[in-house]
Amino acid sequence: MKQREISKSDPYVPNDSKNLYVNMEGWRYKYKGPAAKKAILHHLEHWPQAQALAAEICDFYGNCLLYYEDSNLESSHYQINLKHDPIEFNHACVQLQLGTSRTAEALCHELLHLSTRMCGFPFGEKFFIPHDLIDYAATYMGFYPVIGNLVEHELIFEKFIDIGFDKRNFLGCISPPPDYKTLASTAVKSSFYRKEIGFPWWCLEYFRHWISIRHWIGYEPALYADCALFWGSKVHPSMKATTRNIRDLIESGVLTDRKQYHRHVNTLLELMKIPKFTEWTFIKSGKDSTPLVYRLAHKEKINPNGSNSHVLKTMGTTLKHGFQPISLSE
Ligand SMILES: [Zn+2]
C-alpha cells in the first residue's frame, strides 16, 4: 500500500504522533496487521465473545487491517479500500473514538461491519450516473455509503445483541433531521429544484430515520421518519407508496440472504431512484494475510461497450463510471 510518513504540516497531527501514518485517502492509522489485532483485542478484554470474533476478523484481514484510536474523533468509522483495475484488496481500516461510554461497543460495531464481507456478503463496486445527472454525481456518490451502512445494520444487529451488548449501545447517536418544512416549501416554489436528485434525497432522509427505529431504543427515529415523510410527500406525493415498498422490502428479511443480497440492495436503490450497482465484489481469505477480491458474475451485468446495451437504455446515456467510496461512520 502506498503510504507516507505523517508530516508535521498535516493540520490534524497530534504532537505525539511519531508512529502515525496516513493512507492515500487521508485516513490516519497507528497500528497495522498483528499490532492492530493486539490493540483491538485489548479494548475487548471484558467481552470474551466479542474478542473471539474480533480475532477472527483481524486474522481474515491480516496485514491489510489498519487501526487508529483517538479521543478527538467525532465518531467511530470503518473503511474498506480496493484497487479496481485489476481488482485487488488494498486495506480495511477501523477508527475508534475513545473517551465514550461505549468504546467496546463502538469497536465491535465497526468490526461487525467488516465481518459482513468475511461472511461473503458482496458489496457494490461500480455504478453509472445518467449523462443528464452528471452534475449530481458527487451527491449520488454520497448516497451509497450511507445506504450501505444502514442496510448492513440489518445484518449485524442480532450478532451485536448475541455477543451480550445492550441494544441501546449499538448506535452512538441518532443524527437529527434538518428543517424539512423549510426545505419542502423551498423545493415546491423553486424552478431549479431537480426532482431526479430531490426524490432520492427525501427517500434517504426517511429511510435513515425509519431503519434506525429497528436499531435504537427511543422515540426519536420514528418521529423524524414521520416528519421526513410528511414534508417529503408535499414535494413528491409518490413517496408514500415508495416508502411503503421500502419498508416491505426490509421487513421481509430478504437482505440477510447472502446469495441474493446484491439483487435486493439494487431493488432498494431502484425504489429510491438511485442508479443501481452494475458491479459487485466479494472477498475471500487469501495467502500472505491479504484477502482476495472477486467480481460477482451476474446475469444483469451492464457493459457500456458490450452487448448489453438494452439494459443501458433503461438507464439513459451513461458517461459517468464511478466506484463506490466505502467509508462509513458508525
Ligand atoms: Zn454502522
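**Labels and their grounds**

Reply: Leaving out neighbours within four places in sequence, Lys-37 is in contact with Ala-55 and Cys-58. Note that this is a predicted model.

Me: Where is Lys-37 placed?

Reply: Lys-37 sits in helix α1. Tyr-67 is 30 residues from Lys-37 in sequence, and their C-alpha atoms are 8.3 Å apart in space.

Me: Why does Lys-37 count as buried?

Reply: The cut-off for buried is 20 or more other C-beta atoms within 10 Å. Lys-37 has 20 C-beta neighbours inside 10 Å, so Lys-37 counts as buried.

Me: Which residues of α1 are buried, and what puts them on the same side?

Reply: Ala-36, Lys-37, Ile-40 and His-43 are buried in α1, which spans residues 34-43. They cover an arc of only 125° around the axis, so they lie on the same side of α1. An α-helix has 3.6 residues a turn, so residues three or four places apart point the same way. Lys-38 and His-42, on the other side of α1, are exposed.

Me: What covers the buried residues of α1?

Reply: The cover includes β4 (31-32), α2 (48-61), β5 (65-70) and α3 (103-118).

Me: What makes α1 roughly antiparallel to α2?

Reply: Their axes come within 10 Å and cross at roughly 165°. Angles over 145 degrees count as roughly antiparallel, so that label applies to α1 and α2. The crossing of α1 and α2 is right-handed. From α1, Ala-36, Lys-37, Ile-40 and Leu-41 make the contact; from α2, Gln-51, Ala-54, Ala-55 and Cys-58 do. By class, this contact of α1 with α2 has 6 nonpolar, 1 polar and 1 charged residues.

Me: Why are α6 and α8 called oblique to each other?

Reply: The axes of α6 (residues 195-213) and α8 (residues 239-251) cross at roughly 40° and come within 11 Å. Roughly parallel needs an angle under 35 degrees, and roughly perpendicular needs 65 to 115. The value of roughly 40° therefore makes α6 and α8 oblique. Their crossing is right-handed.

Me: Which residues of α6 and α8 meet?

Reply: Trp-202, Cys-203, Tyr-206, Phe-207, Trp-210 and Ile-211 come from α6. They meet Met-239, Thr-242, Thr-243, Ile-246, Arg-247 and Ile-250 of α8. The contact of α6 with α8 divides into 9 nonpolar, 2 polar and 1 charged residues.

Me: On to the loops. Why does Lys-273 count as partly exposed?

Reply: Buried takes 20 or more neighbours, exposed takes 12 or fewer, and partly exposed is in between. Lys-273 has 16 C-beta neighbours inside 10 Å, so Lys-273 counts as partly exposed. Lys-273 lies in the loop between α9 (261-271) and β9 (277-284). Its phi is positive, about 60°, although Lys-273 is not a glycine.

Me: How do you know that Asp-288 is exposed?

Reply: Asp-288 has 7, so Asp-288 is exposed. Asp-288 is in the loop between β9 and β10 (292-295). Phi of Asp-288 is also positive, near 55°.

Me: What kind of peptide bond joins Asp-85 and Pro-86?

Reply: A cis bond, with omega about 5°. Pro-86 is in the loop between β6 (77-83) and β7 (88-97).

Terms used: Residues are numbered from 1 along each chain as its sequence is written. This is a predicted model: local features need pLDDT of at least 70, side-chain atom pairs count only at pLDDT 80 or more; totals for chains, interfaces and linings use all residues. Helices (H or I, at least four residues) and strands (E, at least two) are DSSP runs, numbered from the N terminus. The arc is that of the directions from the helix axis to the C-beta atoms. Two residues are in contact if their C-beta atoms, placed from the backbone, lie within 7 Å. Axes are lines fitted to C-alpha atoms, for helices over the stretch in contact, and angles run from 0 to 180 degrees between N-to-C directions. A crossing is left-handed if the near helix is turned anticlockwise from the far one by less than a right angle, and right-handed if clockwise. Ala, Val, Leu, Ile, Met, Phe, Trp, Tyr, Cys and Pro count as nonpolar, Asp, Glu, Lys and Arg as charged, and the others, Gly among them, as polar.
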